[in-house]
Amino acid sequence: MTRAKFAFMLVVGGVLLAPPVFSADKSITPDGKPAPSQPHAKPGSKAAQEEAAAAKTPYEKVREVFAGDLTVADEKVSFPQNNASVHAIEITMEPGEVTGWHQHHAPLFAYILEGEITVTYEEIGKKVYSAGDGLLEAMDVTHRGENTGDAPAKILAVFLLGDDGKATVAEDAPGTDKKKVE
């Protein structure tokens with residue numbers, strides 16, 4: 001037995017005991033800084049197992065359609081505080097059909113059930129959404145949608161109303177009000 005190993009052995013009452021076990025101090029990172037209280041879970045760790053359990057649903061098959069807190073126009077979503085309600089509608093647009101220019105003064109989650117929709121946003125440009133896409137629609141950006149596909153398009157629109165917000169507010173076309181464009 002080497003002297004180093006012997007230094008850690010303990011003999012009590014003539015019985016040789018195993019060396020003490022030292023564990024790493026996980027409250028300090030390798031560079032000497034305090035560790036975060038909830039670091040991102042490493043695969044296989046207890047934190048990873050807890051994270052996976054929290055994300056579990058009672059459903060066999062799940063496909064995430066959307067997750068986030070920003071609209072397609074990078075607006076931070078804020079939920080109504082007063083008179084909260086949900087209003088869900090299914091919209092059908094025929095090929096070539098175009099909506100009027102509008103805004104949504106309440107959060108709107110949209111899911112494209114069928115077809116293809118192209119939305120033109122003032123000062124942003126066009127974005128194309130197809131069946132299976134989910135999005136958090138722009139609220140304070142004037143826009144309009146057009147069915148640019150060959151078949152009817154169906155959209156599930158879920159408005160989170162309250163705080164006297166309006167689901168849809170008609171707007172003038174961009175450029176109509178010169179002050180607004182400048």
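**View 1. Contacts across the whole chain.** Take the contacts (heavy atoms within 4.5 Å) between residues at least 6 apart in sequence: 72% of them join residues at least 24 apart. This is a predicted model, where local features need pLDDT of at least 70, side-chain atom pairs count only at pLDDT 80 or more, and totals for chains, interfaces and linings use all residues. Residues are numbered from 1 along each chain as its sequence is written, and side-chain values use heavy atoms, leaving out hydrogens and water. The protein has three helices and 11 strands (DSSP runs of H or I, at least four residues, and of E, at least two, numbered from the N terminus). Of its 182 residues, 24% count as buried (under 20% relative accessible area; exposed is over 50%, partly exposed in between, with a 1.4 Å probe and protein chains only).

**View 2. Gln103 in strand S4.** Strand S4 covers residues 102-103, so here's where to find Gln103. With a relative accessible area of 10%, Gln103 is buried. Its side chain makes a polar contact with the side chain of Thr142, at 3.0 Å (N or O atoms within 3.5 Å; within protein, one must be able to donate a hydrogen and the other to accept it, and residues adjacent in sequence count only if both atoms are side-chain atoms).

**View 3. The aromatic pair, Phe66 and Phe109.** A search of the whole structure turns up one aromatic pair (rings of Phe, Tyr and Trp, the last by its six-membered ring, with centres within 6.5 Å). The ring centres of Phe66 and Phe109 are 6.1 Å apart and the planes sit at 50 degrees, so this pair is tilted (under 30 degrees is stacked, over 60 edge-to-face, the rest tilted). The pair links distant parts of the chain, 43 residues apart: Phe66 is in the loop between helix H2 (46-55) and strand S3 (85-93), and Phe109 is in strand S5 (residues 108-114). Phe66 is partly exposed at 30% relative accessibility, and Phe109 is partly exposed at 26%.
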